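Welcome! Here is a friendly first tour for anyone meeting this structure for the first time. Please take a look at the sequence and the model before reading on.

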Amino acid sequence: MPRGRTGAHQERWGLVAVAGICAFLAMFDMSVVTVAVPDIAAGFDVPVSVAHWAALAYQLPVVALLLPAGRWLDRAPLRPVVLGALAGFGLRSYAVDYSDQAERFTGDVLRTGHDAPYAVEAGAFIGAEHDTVVLDPHTLLDPGHRAAVVVARDSPIGVGDMDTSLHLLFGKIKEHSTVAVSGEAADEVFGGYPWFHSPAARAAETFPWLLVTEDEAAMPLHPDLAGTLRIGEFQRDTYRAALAAVPHLDEEGAAQRRQRELQHLSLTRWLRQLLHRKDRLSMAQGLEVRVPYCDHRLVEYAFNTPWELQTHDGREKSLLRAVGAGLAPPSVLWRAKNHYPATHHPDYNRGLQKLAREALDAAGGRVRDLVDERVVGSCLTTEPERLEWGHRLRLERVVDLALWLDHYRPEIAV
């Protein structure tokens, strides 16, 4: 060990040395690293848990920050090193916002506050060059942007302004970068969603998010079509098949068993649509977006962590918050989980209603053959200021259905 390296410097040097040796050995055989870690740790006077932390870090540094061994950061002066390294890369950070959000934000079960100020604060904390992409109703309603999203997704089942804004955000990022990192899977891995903490969701005999997102009724299918397709039967069969795939431990109690089911359902069913959305909309802009929270080692580790430890402080994402202490501003670290933002501007709602009326007559009138006009009609007659998220989502999908039919011109036979 170099002379003069004592105290904090000695600990830091030991960690760096362990990581370097592990990286070298892993080039030949990762199993050797697993066996050799205790001896390597002893040789450099580093705790074994920290040595395992470093062994993972050579492959994916963010994993190290999320394991319980990462608590070692509380006893070593590594926070400045981590943050300094991030700043040294010349990082850029991005967030999306809407022109009305500061004045018109309305909270709901998924959105608890205005995101943009926290993103600015987090960017400043890590020394990133931050950019908030602010979008107005006219941009979000632009038929060209909406059509591009429908083609990119190859589906009429999207989430409206949240898709359009994400597509435009990716386009902005691509002006400076070809690779970005995003946080998909953090909520699934660390129990961030409301349904993980809701007695009603735990008791429901269906996919738990259907009680929160109102997505079940978001595509207002024509009654005859819904009956022919047997949607309810398909949903029940899919749910039973998903439950059958959940691994369980013999010693699990009923509560732990159900939490494992909720987490497995979220990882295997809910997350896939988020990753699908992210992949298609980013690649349509020529941007590659990587998702470190999807690293299989991290997912396996968190999935096998007892639920009482995952919520040790009574909050969502307890483990992630605990190891993030000092690596993010406290106001960001401890705020409630917040979903991807949606606009609240009545001009957007008003414009969406107009597009939906036009959609009913578009694509040769075929939209009317596929949707329940009674349900759509009630959404069209609601005052724009009173249009709720679930009702608006129905209109979004009517508009996207018309765009999808116009682009692909499929022959539909039932």
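What follows is a short briefing, grouped by topic.

Please keep in mind that this is a predicted model. The protein chain holds 24 helices and four strands. Of its 414 residues, 47% count as buried.

**The chain as a whole**

- Among the contacts in the protein chain with a separation of 6 or more, 75% are between residues 24 or more positions apart.
- The protein chain has an accessible surface of about 20,100 Å², and carbon and sulfur atoms hold 57% of that area.

**Nonpolar cores**

- The largest nonpolar core is made up of 44 residues, and V367, V371 and L395 have the most contacts inside it.
- Helix 24, which covers residues 389-408, gives the most to this core, with seven residues.
- Another core, of 31 residues, lies apart from the largest one; A186, L267, A302 and L320 are among its members.
- Beyond its neighbours within four places in sequence, V371 is in contact with P220, L221, H222, L360, V376, V398 and L401.

**Around H222**

- H222, one of the contacts of V371, sits in the loop between helix 13 (210-213) and helix 14 (223-229).
- Is H222 buried or partly exposed? H222 counts as partly exposed because its relative accessibility is 24%.
- Leaving out residues up to four places away in sequence, H222 touches R368, D369, L370, V371 and D372.
- H222 and R368 are 146 residues apart along the chain, while their C-alpha atoms are separated by 8.2 Å.

**Around N338**

- N338 belongs to the loop between helix 20 (330-333) and helix 21 (346-361).
- With 15% relative accessibility, N338 falls under the 20% cut-off, so it counts as buried.
- Which residues does N338 touch, not counting residues up to four places away in sequence? They are L110, R111, T112, G113 and D115.
- Between the C-alpha atoms of N338 and H114 there are 8.7 Å, although 224 residues separate the two along the chain.

**Helix 9 against helix 16**

- Two packed helices are described by the angle between their axes and the distance between the axes.
- Helix 9 (residues 143-153) packs with helix 16 (residues 254-283) at an angle of about 120°, and their axes are 8 Å apart.
- The crossing of helix 9 and helix 16 is right-handed.
- From helix 9, the residues V149, A152 and R153 meet H276, R277, R280 and L281 of helix 16.
- Sorted by type, the residues of this contact are three nonpolar, one polar and three charged.

- Most residues other than glycine have a negative phi.
- D154 is not a glycine, yet its phi is positive, at about 60°.
- The place of D154 is in the loop between helix 9 and helix 10 (161-174).
- D154 is partly exposed, since its relative accessible area is 38%.
- A185 is likewise a residue other than glycine with a positive phi, in this case near 90°.
- A185 lies in the loop that runs between strand 3 (179-181) and helix 11 (186-190).
- Is A185 buried or exposed? A185 is buried, because its relative accessible area is 2%.

Note on methods: Residues numbered from 1 in each chain as written. Predicted model: local features only at pLDDT ≥ 70, side-chain atom pairs only at ≥ 80, totals over all residues. Heavy atoms only, no water. Helix = DSSP H or I, 4+ residues; strand = E, 2+ residues; numbered from the N terminus. Buried < 20%, exposed > 50% of the residue type's maximum accessible area, 1.4 Å probe, protein only. Contact = heavy atoms within 4.5 Å. Areas by Shrake-Rupley, 256 points an atom, 1.4 Å probe, with all protein chains shown as cover. Core = buried A, V, L, I, M, F, W, Y, C linked by side-chain atoms within 4.5 Å. Axes fitted to C-alpha atoms, helices over the stretch in contact; angles between N-to-C directions. Left-handed = near helix turned anticlockwise from the far one by under 90°. Nonpolar A, V, L, I, M, F, W, Y, C, P; charged D, E, K, R; others polar.
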